Amino acid sequence: MHSRKRVVTRSTVALANARAKGHIDTLRAKLLAFEANPAGDNGYCGYCTHITPDRIGGAAITSAECGLCDATMTFGSTSVDTTCPGCARDNGLCRHCAADIELKERRNPYPFQSASKSTTNEGRE
Ligand SMILES: [Zn+2]
Ligand SMILES: [Zn+2]
């Protein structure tokens, strides 16, 4: 494997500067938005709402099963949520990444942990 030579010129340096600074500005703006609204929007945690709004994905209708119930969800792209909106709301989770909606470590069990009173799922990722 060989990577094509990338010729460096004054203008490629300027372009790289602009790209790096632009990305830093974008990250800074995302962090400011996160700090202003850490709870996120529409059942998505602050991380998914502000830091990685990557819900664009590939443009293919994609179905996925909820990670907690048997509901099948349909999305307009390949970026799919982890749980259905109802399970996310009932358990205080982000529907996309399934983190705690406030990104907090809870001491108490989540509702889904008692619902199935299973011992086999304990401790699994
Ligand atoms: Zn569900
Ligand atoms: Zn999330």
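This is a predicted model: local features need pLDDT of at least 70, side-chain atom pairs count only at pLDDT 80 or more; totals for chains, interfaces and linings use all residues.
Leu-103 is found in the loop between α3 and α4. Residues are numbered from 1 along each chain as its sequence is written, while chains are lettered from A and ligands numbered from 1 in the order in which they are written.

**Exercise 1.** Find out whether Leu-103 is buried, partly exposed or exposed.

*Solution.* Start with the rule: a residue is buried if 20 or more other C-beta atoms lie within 10 Å of its own, exposed if 12 or fewer, and partly exposed in between, with C-beta atoms placed from the backbone. Next, count: Leu-103 has 14 C-beta neighbours inside 10 Å, so it is partly exposed. Now look at its backbone: phi of Leu-103 is near 55°, a positive value in a residue other than glycine. Most residues other than glycine have a negative phi. Ala-98 sits in the loop between α3 (85-91) and α4 (111-115) too, and has a positive phi of about 65°.

**Exercise 2.** List the elements of the chain in order and describe how β1 and β2 pair.

*Solution.* Helices (H or I, at least four residues) and strands (E, at least two) are DSSP runs, numbered from the N terminus. The chain has 4 helices and 2 strands, and their order is α-α-β-β-α-α. Two strands pair if DSSP finds at least two bridges between them. Strand β1 (residues 62-65) and strand β2 (residues 72-75) have 4 bridges and are antiparallel. Ser-63 stands opposite Thr-74 in β2, and 6 residues lie between the two strands of this hairpin.

**Exercise 3.** Explain why Leu-68 counts as buried, and find its contacts.

*Solution.* First, locate Leu-68: it is in the loop between β1 and β2. Then count: 21 other C-beta atoms lie within 10 Å, so Leu-68 is buried. Two residues are in contact if their C-beta atoms, placed from the backbone, lie within 7 Å. Leaving aside neighbours within four places in sequence, Leu-68 is in contact with Thr-83, Cys-87, Asn-91 and Phe-112.
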